[in-house]
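Reader: I am new to protein structures and would like to learn how to read one. Could you show me the sequence and the model, please?

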Amino acid sequence: VQLQASGGGLVQAEGSLRLSCAASGRTFSSYTMGWFRQAPGKDREFVAAIGRSGGSTLYADSVKGRFTISRDNAKNTVYLQMNSLKPEDTAVYCCAADPTFHIINTYYTVPSNYDYWGQGTLVTVSS
């Protein structure tokens, strides 16, 4: 599967952005999807994950209550709605896909457990 992330940009603190990740192929609904981010000089960080049907989600504590992950399997797309953005949310955001089945838990917070990665989209939050 090939992944293409989009929707990044420059936004002021407390603003909102919605990221999209479009996937190629006909088996999108069989992948657990995740969003990760990497700020300059920092390690890649888990943001959110969503199960195959969209019924199960997992969030990093740092974004819980502000970000929402969702998916539209008919459009082969996963979204990340980001509200109440903070300067510390500034990073390159990447989407990832995992074809193996696991209950949504901390397994999906580990980057190496994902098989496919899209290119990143830059989010810059100004204070």
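This is a predicted model: local features need pLDDT of at least 70, side-chain atom pairs count only at pLDDT 80 or more; totals for chains, interfaces and linings use all residues.

Reader: Let's start with strands. Which order do the strands have in the open sheet of four?

Author: Strands of a sheet pair through backbone hydrogen bonds, either parallel or antiparallel. Strands here are DSSP runs (E, at least two residues; helices are H or I, at least four), numbered from the N terminus. Two strands pair if DSSP finds at least two bridges between them. In this open sheet the order is β1-β3-β8-β7, and the pairing is antiparallel. β1 and β7 are the edge strands, each pairing on one side only. From one strand to the next, the twist averages 15°; axes are lines fitted to C-alpha atoms, for helices over the stretch in contact, and angles run from 0 to 180 degrees between N-to-C directions.

Reader: How many bridges link β3 and β8?

Author: β3 and β8 are joined in the antiparallel sense by six bridges. Leu 17 has Met 82 in β8 as its bridge partner.

Reader: Which strands pair with β11?

Author: Strand β2 (residues 9-12) runs parallel to β11, with four bridges, and Leu 10 stands opposite Thr 124. β9 runs antiparallel to β11, with three bridges, and there Val 92 is opposite Leu 122.

Reader: What are the two faces of β11?

Author: In a regular strand the side chains alternate between the two faces of the sheet. For β11, Thr 121, Val 123 and Val 125 form the covered face, whereas Leu 122, Thr 124 and Ser 126 form the uncovered one.

Reader: Which residues touch the most other members of the largest nonpolar core?

Author: A nonpolar core is a set of buried Ala, Val, Leu, Ile, Met, Phe, Trp, Tyr and Cys residues joined through side-chain atoms within 4.5 Å. Buried means under 20% relative accessible area, exposed over 50%, and partly exposed in between (1.4 Å probe, protein chains only). The largest core has 37 residues, and Met 33, Trp 35, Leu 80, Met 82 and Tyr 93 touch the most other members. Among the elements giving two or more residues to this core are β4 (32-38), β8 (77-82) and β9 (91-98). Contact means heavy atoms within 4.5 Å. Beyond its neighbours within four places in sequence, Met 82 is in contact with residues including Leu 19, Phe 67, Tyr 93 and Val 123.

Reader: Is Arg 37 buried or exposed?

Author: Arg 37, in strand β4, counts as buried because its relative accessibility is 6%. Its side chain makes a polar contact with the side chain of Asp 89 at 2.9 Å. A polar contact is a pair of N or O atoms within 3.5 Å; within protein, one must be able to donate a hydrogen and the other to accept it, and residues adjacent in sequence count only if both atoms are side-chain atoms.

Reader: Where does Asp 89 lie?

Author: Asp 89 lies in the loop between β8 and β9 and is buried, with a relative accessible area of 1%. The side chain of Asp 89 also reaches the backbone nitrogen of Lys 86 at 2.8 Å.

Reader: How many aromatic pairs does a search of the whole structure find?

Author: A pair of aromatic rings is described by the distance of the centres and the angle of the planes. Rings of Phe, Tyr and Trp (its six-membered ring) pair if their centres lie within 6.5 Å; planes under 30 degrees apart count as stacked, over 60 as edge-to-face and the rest as tilted. The search finds seven pairs. Tyr 31 and Tyr 116 are edge-to-face, because their ring centres are 5.9 Å apart and their planes are at 80°. The two are 85 residues apart, with Tyr 31 in the loop between β3 and β4 and Tyr 116 in strand β10 (residues 116-117).

Reader: Which residues other than glycine have a positive phi?

Author: Most residues other than glycine have a negative phi, and most peptide bonds are trans. Glu 14 has a positive phi of about 75°, and Ser 84 has one near 50°. Glu 14 is exposed at 58% relative accessibility, whereas Ser 84 is partly exposed at 29%.

How values were computed: Residues are numbered from 1 along each chain as its sequence is written. Side-chain values use heavy atoms; hydrogens and water are left out.
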